[in-house]
Amino acid sequence: MNRIGLALAAFLTIASGLASADAATLRVGIQDDPDALDPALSGTYAGRFVFAALCDKLVDISPDLKIVPQLAEAWDWSADGKSITFTLRKNVTFHDGTSFDAAAVKFNIERMKTMPDSKRKAELAPIQDVEALAADKVKLNLSEPFVPLLANLSDRAGMMVSPKAATEKAGEFAAAPVCAGPYQFVERKSRDLIRVKKYPGYWNAGQIGYDEVVYSYVPDSTVRLSRLRAGDLDLAERIAPTDLKTVRDDANLVLHSGQGLAVSHLMFNVGAGTKADTPLGKNSTLRQAFELSIDRNVINRVAFNGEFLADNQMIPPSSPFYDSAHKAPTRDIAKAKALIAAAGMTRVPIEIQFENTAGDSRVAQIIQSMAAEAGFDVKLLPMETATAIERYMNGNFEAYIGNWSGRADPDPTLVAFFSCAGSQNVNKYCNKDLDAILNQARAEADDAKRKALYVKATDVYLSDLSSIPLHHPNWFFAARKSVAGIVMVPDGLLRLVGVRPVN
Amino acid sequence: MSTIEAEPVALPARRRSRSELRRLLHEPSAVIGGAIILFFAVLAVFASWLAPYDPNAPDWMAIRAAPNAIHWFGTDDLGRDVLSRVVFGTQASLAAGMISVTVAVLIGLPLGLIAGYFGGIVDMVISRLADALLACPFLVLAIALAAFLGPSLENAMIAIGISAVPVFVRVARAETLVVRTEDYIAAARSQGLGHFAILAGQVLPNVLAPTIVQATLTMAIAVLAEASLAFLGLGQLPPLPSWGAMLDVARQFLSEAPWMAFWPGLAIIALVIGFNLIGDGLNSALNPRH
């Protein structure tokens, strides 16, 4: 009897031990499987989502889009705007125990600028050289004034990796990244999960609430939500707008929402290869007619239960550089028809390609139906995501529903899509005047003057209309009530410092 | 089993078909299956008259409306009438079932005849190729082919058709192997008939019955396969209705708008059961071993 009692007690102790170990694990459901876990190579939102646990950046952005300290405690622009000096946080170590200092910053920036397949080159292009002035002082010298630099350093370009690990394991760094964030890498099972554990040497370790975080790849948002409701996950990112009611009605769940930086837009191929040879690709008047034929509010209401933000600009209204003078035109079929007639046509054919996701598929069908009333014969071509992105990057489309995650500063978005050599300018739009305005804006340190330049830029890109912005998605995360301390930031990344379990 | 000997192998064609039709009508499963298929065939052919609304016309003010007096089956996520979409979706499903199986028979039957009749190296090559295709699970093969060809109903039908070819090669070859040892084949040969004439005139009629049974059963699989491909976004292009694609969309609204999934789901079940029943009935009526 005694022995049985002892065994039972031992079992209960082990069981409760397991339970408490469970309680210190945060299980997060993510929609996409991240690509390379190296800040220099990463090209996906999912990657950034995981980096938020692994890699601290020089600076961060706050919920109101201000630049705030992270690994750099302070910074100082030179009077001519051609250099910036950072004062670094002291006593910071990487996950391999090596210390973070000015030399490490120099190494990282040079690594991102010179690594052959680095995706950060454009973001850091104006940096000419890096001077380590002292262990905690580093100066970046720029070829020209470049205001968006801080915003760029608040993302992957500002993530610091261990120079030791990056040198010793060059080429396989992404398989086991070593950074200076609150959590350190444990394991990755491709297309399944990524496991990270608390880094006790973190400079702000007192604010780390979980011992372990597991990111599970659950592509379907409905499945993510079901697993969350079943208690199989603690947090799920990007809940479908059509599922929000379920979250709101569930007493065990909390909905965390916030305005985003992202934009969905209908991109027309205006200059990339033979697919640009369409009436809409060649004629901006027809594109304006197309814009007049759709009702963004209906798209938002029908496809997203009205939970997103219908808008006509690439930059969201939350940005201080948003141009409130350029309002979205209201739907006007008669005017759209008149514009089509003025172009000497009655029916205008166009093929819209999109990723075969629930949201894009609904948007595409709504657009098809609305545009038909004005005289556009829209053919829909849904594509499996990988194929769609490949075709997108090659400019192999007549029109494409693009989803851009957005950036804290307007510069990266507008330059990427609208400058002649922009990295996302896959539809080959080019307007030299716009290029000049965008270049001026990135050098303008005065916010008011900078805004005036972006208003001018907006005027140009909305007249040429190589892309019709449709709406800005808002962020919706659902978490179990037991997860506290979640703060929504417009970049939609889950910052884990301060996130903790509660009973 | 004892009826094998009693069954005359080569009855005059007309008498045979009449007696088989009579037997078929005495098979309850064939009659029920036939009625179901006929029902869907009528839906497909007269869809434009039977459907109350344009299946692709959205109603922005009636998104995911529950079944009511105006929309008997409710509306979908874009406010389109589910009843009309189910009715029009019949066209895609029936076309996929029939056309893809026709493709499979047109390719598989001749290959099976040739393999079984000539034997030797020809048989080896054809049979090994069929084996290779059979080694891939049917649906996986169809998905791979459809993904390769690109999304459209036509491509889905081609993919399903090709995936179903080896089954018909097998059936036709096996029957041909039995038939070619019959005396009447030897007789035909001794009359100086060519290979083609013997294959078409003597072998084919005897291989036809099991092929028809197999074709009907394969149609059930093809209907399911088309629905699966459409569910994965590899079938009928939007906005045209297809039951599988309707299910895919409905899946996101299972708790709040179950009618979106119920009707297309029911239609798929009914049509597949219809083909299976008629296949069983045909098997009983045509197969001399029964």
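**Two chains, term by term**

Modeller: Start in chain A, with an open sheet of four strands in the order S4-S5-S7-S6, paired antiparallel. The model is predicted, so local features need pLDDT of at least 70, side-chain atom pairs count only at pLDDT 80 or more, and totals for chains, interfaces and linings use all residues. Residues are numbered from 1 along each chain as its sequence is written, while chains are lettered from A and ligands numbered from 1 in the order in which they are written.

Biologist: Why are S4 and S6 of chain A said to stand at the edges?

Modeller: Strand S4 (72-77) and strand S6 (127-134) of chain A each have a single partner strand, so one side of each has no neighbour in the sheet. From one strand to the next, the twist averages 20°. Such angles run from 0 to 180 degrees between N-to-C directions, with axes fitted to C-alpha atoms, for helices over the stretch in contact.

Biologist: How do you know that S6(A) and S7 of chain A pair?

Modeller: Pairing needs at least two bridges found by DSSP. S6(A) and S7 (residues 137-142) of chain A have six, in the antiparallel sense. Val130(A) has Leu140(A) in S7(A) as its bridge partner. Across strand S5 (83-88), S6 and S7 of chain A lies helix H3 (residues 102-114), at about 165° to S6(A).

Biologist: What makes S1 of chain A mostly covered?

Modeller: Five of the six residues of strand S1 (residues 25-30) of chain A are buried. That word takes 20 or more other C-beta atoms within 10 Å of a residue's own; exposed takes 12 or fewer, partly exposed lies in between, and C-beta atoms are placed from the backbone.

Biologist: Which strands run parallel to S1(A)?

Modeller: Strand S10 (residues 212-217) of chain A pairs with S1(A) over six bridges. Leu26(A) stands opposite Val213(A) there. Strand S11 (residues 235-236) of chain A is joined to S1(A) by two bridges. In that pairing, Val28(A) faces Leu235(A).

Biologist: Why is Asn91(A) called exposed?

Modeller: Asn91(A) has 9 other C-beta atoms within 10 Å, so it falls in the exposed class. It sits in the loop between S5 and H3 of chain A. Most residues other than glycine have a negative phi, and most peptide bonds are trans.

Biologist: Now chain B. Why is Arg64(B) called buried?

Modeller: Arg64(B) has 20 C-beta neighbours inside 10 Å, so it counts as buried. Arg64(B) also has a positive phi, about 50°, without being a glycine. Its place is the loop between helix H4 (47-50) and helix H5 (82-118) of chain B.

Biologist: Why does Leu204(B) count as partly exposed?

Modeller: Leu204(B) has 18 C-beta neighbours inside 10 Å, so it takes the middle class. Leu204(B) belongs to helix H10 (residues 195-231) of chain B.

Biologist: Leaving aside neighbours within four places in sequence, what is Leu204(B) in contact with?

Modeller: Leu113(B) and Leu199(B). Contact means C-beta atoms, placed from the backbone, within 7 Å.

Biologist: What makes the peptide bond between Pro238(B) and Pro239(B) cis?

Modeller: Its omega is about 5°. Pro239(B) is in the loop between H10 and helix H11 (243-250) of chain B.

Biologist: How many helices and strands does chain B have?

Modeller: Chain B has 12 helices and zero strands. Both kinds are DSSP runs, numbered from the N terminus: helices are H or I with at least four residues, strands are E with at least two.

Biologist: Why is H8(B) said to be largely enclosed?

Modeller: 20 of its 27 residues are buried, so the rest of the structure largely encloses H8(B). H8 (residues 153-179) of chain B reaches 38 Å from first C-alpha to last, close to the expected 39 Å. The expected span is 1.5 Å times one less than the number of residues.

Biologist: Where does H8(B) bend?

Modeller: At Val165(B), by about 30°, and a proline, Pro166(B), follows within four residues. The bend is the angle between axes fitted to the seven residues ending there and the seven starting there.

Biologist: How many residues does each chain bring to the contact?

Modeller: Chain A brings 17 residues and chain B brings 15. On the side of chain A that touches chain B, H13(A) gives the most, with seven residues.

Conventions
Contact = placed C-beta atoms within 7 Å.
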